[in-house]
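Dear colleague,

Please find the structure below, together with its sequence. My notes on its aromatic residues follow.

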Amino acid sequence: MDKRLPILILVTLAAIFFYGRIDYSSSPFANMDLKYYRLMADASPSVSLEAPRPFSYRLLGPYLAGLTGDRSITGFLLLTIFSSLAMVICLYFLFVSMGISRSSTFLALIILVLNKHLFGISNWNIFQVKDTLSLALVAMMFLALRHDRRIIFCVTLAAGAAAGELALLMIPVLFLYDFHTGRLPGDWKNPIIAVLPALIVFTVIRLVIPPVGGLSLFEAAIHYGGKLRYPMTWFGLLLNPFIPLTFLPLIFFRETGRFVRKNPDIALFFILVLVSAFFGSNNERLMAPASISFFALIAVILDRPDMGGKMVRTMILAAGLLSSLHHAIARFPLPERKYTIILSAGSFLVVSIVLTAREIHKRVRSS
C-alpha cells in the first residue's frame with residue numbers, strides 16, 4: 001500500500017480541524033444561505049417547501065444530513081468531512097492515473113487542503129455541504145472517465161444533479177473527452193445514455209418542487225453579471241483563490257500548454273467553472289471546483305525534474321501553510337485581517353519571484 005495516502009488523509013483531517021467551524025447562530029452568519037440548508041435538513045426525510053430556489057433544488061446534501069437528527073448539525077459535519085476525504089482520495093488516484101508521480105501528487109494535494117478559499121471555507125461552513133459533496137462527485141466522475149467506468153459515471157452524475165448544479169458541467173466534459181479519445185463522432189449512444197438519468201433527475205426536481213421566491217438561472221445571470229466590469233471581481237476569480245501558486249501556470253507556460261493539449265476535458269472544466277461563477281457573488285468560493293483542474297496542472301509542474309529538490313518543495317509547502325492562515329476561517333484565527341493579507345501576499349510573492357528567477361536562469365543557461 002502507498003504510505004503517502006494514509007498521511008494525506010491524516011493531513012486532510014488535521015486541516016479540517018484547524019479550519020474550525022462557522023458560528024452559525026451569530027450575526028452575520030445566522031442570516032446567510034446556511035439557514036435555508038438547515039431548514040431543508042430539518043424537514044428530512046420529507047422535502048421542505050419553504051426554502052427558496054436555487055437552494056430548494058439542492059436536495060441531496062441537506063436531505064442526507066437531516067437523516068441524523070440532532071437538528072442536522074452532526075449530519076452536516078459528518079457529510080462534509082466524508083465528502084472532503086472522498087474528493088482528496090479520488091484526486092490522488094486520478095492524478096496518479098494521469099501519469100503523475102505519487103510524490104508530486106501528494107504535495108499538490110497537500111497544498112490544496114491548505115488552501116483556505118478552495119478547501120477551507122467549505123469545511124468551515126459545514127452547511128454548504130453541496131459544495132464538498134458536488135466536488136467529491138465530480139472527482140469520482142473524472143476518475144471514472146479515466147478508467148472507462150461509464151456506469152459509475154452515470155450514477156455519480158445523477159447523484160450530482162440532485163446535489164446541485166455543478167455536476168451538470170461534466171456533461172460537455174464527457175462529450176469532449178469522448179471526442180478527444182476518438183469515441184466521437186462514431187458512438188453518440190454511449191454518452192447520451194450516460195447523461196440522460198442526470199437530466200431527468202435535474203428536471204424532475206424542478207418540476208416537483210415549487211419555486212418559493214429566489215432567482216432563476218437567467219435572473220441570477222442578470223443580477224450578478226454586472227460584477228464582471230469590476231477589477232476586484234477578476235482578482236477574486238483568477239488570482240486570490242489560487243494563492244500562493246497562482247502564477248505557476250504562467251511561469252511554466254510550456255507545461256501548461258502541453259497539459260491543455262493532453263487533457264482538454266480538464267481544461268474545459270476550469271473554463272466552465274469560471275463561467276458558472278458569473279451566476280453568484282462569492283467569487284473565491286465559486287471557483288473551488290476549479291481546484292480539480294488547477295491542481296492537476298500544479299501536480300504536472302511539480303513533476304518536472306528540476307522541481308523535485310527539497311528546497312523548492314519545502315518553500316512551496318511553507319508558502320501553502322502560511323497562506324492558509326486566516327482571521328475568520330480558522331479554529332485559532334489571526335488577530336486581524338491585515339495579517340491574512342500580509343501572509344497571503346508574502347507567500348505569493350516569494351513563490352512567484354523565486355520560481356520565475358529559477359526559470360529565467362535555466363533558459364539563459366540553456367541558450
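Phe278 is buried in this predicted model, with a relative accessible area of 19%, which falls under the 20% limit for that class. The ring centres of Trp234 and Phe278 are 6.1 Å apart and their planes meet at 75°, so the pair counts as edge-to-face; the angle required is over 60 degrees. Trp234 belongs to helix 12 (residues 231-239), while Phe278 is in the loop between helix 15 and helix 16 (283-286), so this pair ties together parts that are 44 residues apart in sequence.

In total, the model contains 15 aromatic pairs, counted for ring centres within 6.5 Å. Another of them joins Phe142 and Phe269, again edge-to-face, with 5.4 Å from centre to centre and 85° between the planes. Phe142 is part of helix 7 (residues 129-146) and Phe269 is part of helix 15 (residues 264-276), so the contact links parts that lie 127 residues apart in sequence. Phe142 and Phe269 are both buried.

One aromatic cluster is made up of Phe242, Phe270, Phe294 and Phe295.

The charged end of Arg206 is placed over the ring of Phe202, at 3.5 Å from the ring centre. Arg331 lies over the face of Phe17, and here the distance to the ring centre is 4.1 Å.

Yours sincerely

Notes: Residues are numbered from 1 along each chain as its sequence is written. This is a predicted model: local features need pLDDT of at least 70, side-chain atom pairs count only at pLDDT 80 or more; totals for chains, interfaces and linings use all residues. Side-chain values use heavy atoms; hydrogens and water are left out. Rings of Phe, Tyr and Trp (its six-membered ring) pair if their centres lie within 6.5 Å; planes under 30 degrees apart count as stacked, over 60 as edge-to-face and the rest as tilted. Helices (H or I, at least four residues) and strands (E, at least two) are DSSP runs, numbered from the N terminus. Buried means under 20% relative accessible area, exposed over 50%, partly exposed in between (1.4 Å probe, protein chains only). A charge sits over a ring if NZ of Lys or CZ of Arg is within 6 Å of the ring centre and within 35 degrees of the ring normal.
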